[in-house]
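Please keep the sequence and the coordinates at hand while reading.

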Amino acid sequence: MQIPFRKSCIAVVATLVSGAFGTSALGANPDRDAYFGETHVHTSWSLDAWLLGNRMTGPADAYKYFKGEPIKHPAGYDVKIVTPLDWAGVTDHSEYVGVIKYANDPTSALSKVPAAQPLKIDPNKPLSEEGIRIFNYVAKVLFGGPPVKSLMDPKIAGTVWKETIAAAQAANEPGKFTAFCSYEWTSMPNNMNMHRNIFFKECHKVPEAPFSALDSSFPEDLWNWMDAERKKGNELLAISHNANISDGRMYPTEVDLRGRPIDAAWAESRMRNERLVEIHQIKGTSETHPLMSPNDEFASFEIMQFLIGDPPGRTPHLVGSFARQALKDGVAMQGSKGFNPYKFGFGAAADSHNTAVAYRQENWFGAHALTDATPEIRMSGKIAAGMDPRNLYPAGLTGVWAEENTRASLFEGMQRKETFAVSGPHIKVRLFGGWEYTPEILKDAAWVKTGYAKGVPMGGDLPVAKAKAPTFVVWAVKDPTSGNLDRIQIVKGWSKNGQSFERVFDVVWAGDRKPDKWTGVVPPIGNTVDIEKATYTNSIGAVELKQVWTDPEFDPSLDAFYYARVLEIPTPRWTTIQAKQLGIAPPDVVPPTIQERAWSSPIWYTPTAEARKTAKPNGMTVSDLKKQGGVALNDAQLRALIVGKSTWLQNNVTGDKYEVIYGDSGPGTKVATPSEPGFNTQKFAPNQGQIWLRFLGRNTMLPSLVGNPVEASKLGVTSAYFINNGKIVNPMSGSPIEITVYKVGDKYLAARGNEFGYANYEIIPAVAELNPLNLGGAKKAAVK
Amino acid sequence: MRHLIREPLVQFLLVGLVLFGAWQLAKPAHAARDASNRIVITEDDLKQMAVGWAAQGLPPPSPQQMKELIDARVREEVLYREALALGLDKDDAIVRRQLARKMEFVAEDLSKLEEPKPEELRAWYEKSRARFALPPRVTFRHVYFSPDRRGANTRTDAVAALTQLSGKPIDASVGVGDTFMFQSFYGDRSMEVLAKEFGPAFARALVDVAPGAWAGPVESGYGWHLVFIDSMTPQQIPEFDAIEQEVRNAWVEEHREKTRASMYESMRARYEVVLPGS
């Protein structure tokens, strides 16, 4: 009798426990679970996927695949996911859906339309070649140009959309697997990727037809449409992607695509609709770039620069193409203008055009149907639409912290930005921020409850300050089928006087490595990868990492954000694995090993009006300066002031001082001989000189968009400058950064164009001693 | 001139000229107006055209626009019939592929006409029971040994702890091992769910553990575990009544495949294929 009683006790306990912590369909978990899902995948129904050779599989097959069933790769072989997903939304392009299919169907009315002729496949040519030809045509003419009305048959679009919804409805199993109704808005003016994926909360409220880039290629019009849908009770959100290949247009700070100024209304509209950004996918990472984060030694992760469709003669623009810079500009705008258009959460996804997605280095089967279907094609670097397939990556995923695996619960998780991005493996990461967490919190089994009760999770805003500095609780667990964890970092961004800064803190790491005494940087974990065999072992790294961390340099008067980044130990990149299979050397265009990673959504701190008043005034706005009689210098005055001069500057925000040398600018009044300094530079065009910054060190607090002047200072690397329309212009990888100099009394103050109306730099007398020793205060200096 | 020839419009005109010439030469004998040359537009056709027009979000067609629609339809039909008469459909890869695919759709449509009789469906279920099997489910608790804490000794520590626990009741495990970051008890979980949470090897290994005693150590993606299985529901096949709709769907899918295959087989049987050299 005792045993059955005991068993029923266990059953009761089981139900209770599941209720509290359950990962299954047994009920909602108030502590929330991590659900991994796909927000970006194309099937044969997408025009470009069909062209590339994905002809067989549709949305229903995608859901089958994500649930764990094998499906056919477009090239005919079976593919199966390593770890099934918890949720997904198929996002076929909403533009010209089904058009190629019907253009090649001689019985369809569409196939007779002149505009459809270039879409027809020539049976006498290899299919893959024809695919690329039409792909490029589509990218350039259809997605890039004005809408081709004759190809927009609402009958076709409507039918395909209805079938897409039906597939999501059929695949949706609340508690077990969630399928969203979703699509991609594919705006690509002049090959600049402005794409957004649109997710609907409920499928029974979706509109008759999606709002496509044919309706408008301006994001502002998409947001207006979304606002109207929301008013009708149809809740929806947008996830932008591939900022990295937007040619700098994804995160503008001055004007939108129509040339209208970015203002508070624009910011609100964007944030009401675009809750998340995809920061990693098959076509590269959009978190940050080594040139924008020169002090972040892990910034160079899967950087992929090109423009879709490979337009000739175009160079990429990095400024405006990366999420971390947008977050920094966002807090700078909050502080200087009172609004923040870039308060977004993070996700990652695939953008596979194969219906199926690999996700893992060990099973990468390409993403563009027949154009990268075999190891031989992939590794031969056969360029397709401007892409070297060796640069592609097996795709990321979005994790959502939600009470249960249902459309409503997951959608709400995305709305409140309680999401994180992973580069492929199912790494789980939690981040809480607040003022009352104690270092003991993690010893308590119910720490997650305390996390929610005493602060905010990722995606949230810190409540009003209750302590001198905010404290963050961060926790991560590895994917049981992948590499161990190396470390967790907190990436902090903040702004002062329109300048923005970033710092990456190592907060917890595997093993007994000692952080550098002065910089706090933790040395690399080591590397178990055998490149020749393409293997690694989990003999280094940790299963779980957790920490309670308080910002050591918090200033309550400044806007800031914090997000966690989790790194795995080094593992072989797919290119190394497939090079081994083919018996060739790992490609020289990508690194042989990578550190897979996870990124939490940020937590923001916004000072109260009162706290702002406590800011120490050490900068001046341009308008204040003008009130004091400041006058902007014209070209001639600028030339007289700087050209051929060595000048010392102080950044009044940070107090850093350095020398700026503006070299000779173009040809002089007479021809210089080889023994004269201007002999080389006279060959440059008029008004073009070289600038060199000197005497910067690793501890110089670099404001945004200055490149890597510390390295340049040491190595003697110069960059170009021009004087034009009353401005000194410095190109930052092709984007002009303009400096205006004002004379106020006998002082010269300079304003950089990306610092939102502040004149933060001042010409100072030459500095004689760079590092005056103050041995009594050595401790204080060490902190910096 | 070469530039001109590359112009699509010029190409189109040239091709048109050639076709017109061919048509003049091969003008079909039945060009006279007989019954087979009659193009009939019915009331329903007109309605359909109007609906197609409205579906594009356009205001109702004017009489002139309606006339143009009809002209377009007639034109399409005339050209289509003439093209057929000229045999332009022959050896056109796209036409061939499209027609072949249509045949497959016909097979699918045919298969949809058939519904299994209740007893037929039940018999089919009996025959194919295995495909409806539900994966094993397990209720278990475990003691975790963390490589983060124990490093190279993780497994040996787990083995030592097992000796300590063996023969002891469930609650003897309190205080043994390390804190696990998820749960120490899992109630009635399918192997699929456990494979996701612990890694596939752990889920596979669990199936072979005898219930009712501490056992292991079993390795997961996180380290080593001693496990105590409270109960194991082996792989189960639900009764027909419980999953009738699922069985029906599976039958329909299989039937569709079969119909397609058998239709092809019967058509194929009427052909002899000659390969080079045979």
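The model is predicted; local features need pLDDT of at least 70, side-chain atom pairs count only at pLDDT 80 or more, and totals for chains, interfaces and linings use all residues. Residues are numbered from 1 along each chain as its sequence is written, while chains are lettered from A and ligands numbered from 1 in the order in which they are written.

Chain A is assigned domain 1 (31-415), domain 2 (429-613) and domain 3 (620-783), the bounds being taken from an automatic or database domain assignment. The centres of domain 1 and domain 3 of chain A, taken over C-alpha atoms, are separated by 41 Å. Between these two domains of chain A, 14 residues of domain 1 are in contact with 14 residues of domain 3, where contact requires that the C-beta atoms, placed from the backbone, lie within 7 Å. The side of domain 1 of chain A that touches domain 3 of chain A comprises seven nonpolar, five polar and two charged residues. In this classification Ala, Val, Leu, Ile, Met, Phe, Trp, Tyr, Cys and Pro are nonpolar, Asp, Glu, Lys and Arg are charged, and the others, Gly among them, are polar.

For chain B, the assignment gives domain 1 (2-98), domain 2 (113-130 + 240-268) and domain 3 (134-233). The C-alpha centres of domain 2 and domain 3 of chain B lie 42 Å apart. Chain B has 11 helices and four strands; helices (H or I, at least four residues) and strands (E, at least two) are DSSP runs, numbered from the N terminus. Of the 278 residues in chain B, 16% are buried. A residue is buried if 20 or more other C-beta atoms lie within 10 Å of its own, exposed if 12 or fewer, and partly exposed in between, with C-beta atoms placed from the backbone. Among contacts in chain B between residues at least 6 apart in sequence, 65% join residues at least 24 apart.

Nine bridges join strand S1 (residues 137-145) of chain B to strand S4 (residues 224-233) of chain B in the antiparallel sense. Within this sheet, B:Phe145 has B:Trp224 in S4(B) as its bridge partner. S3(B) and S4(B) also run antiparallel, joined by four bridges, and B:Trp214 stands opposite B:Phe228 in S4(B). These two strands, S3(B) and S4(B), form a hairpin with four residues between them, and B:Gly223 in the turn has a positive phi of about 150 degrees. Five of the six residues of S3(B) are buried, leaving the strand mostly covered.

In chain A, helix H9 (residues 323-337) has 15 residues and should span 21 Å at 1.5 Å a residue, in agreement with the 20 Å between its end C-alpha atoms; the expected span is 1.5 Å times one less than the number of residues. Because 13 of its 15 residues are buried, H9(A) is largely enclosed by the rest of the structure. Just after H9(A), A:Gly338 takes a positive phi of about 90 degrees. In helix H11 (residues 407-415) of chain A, the buried residues include A:Arg407, A:Leu410, A:Phe411 and A:Met414. A:Lys417, which follows H11(A), has a positive phi near 60 degrees.

Two further residues have a positive phi of about 50 degrees without being glycine: A:Asn497 and B:Asp188. A:Asn497 is placed in the loop between strand S17 (485-496) and strand S18 (499-509) of chain A, and A:Asn497 counts as buried because it has 26 C-beta neighbours inside 10 Å. B:Asp188 lies in strand S2 of chain B; with 18 C-beta neighbours inside 10 Å, B:Asp188 counts as partly exposed.

Note on methods:
Two strands pair if DSSP finds at least two bridges between them.
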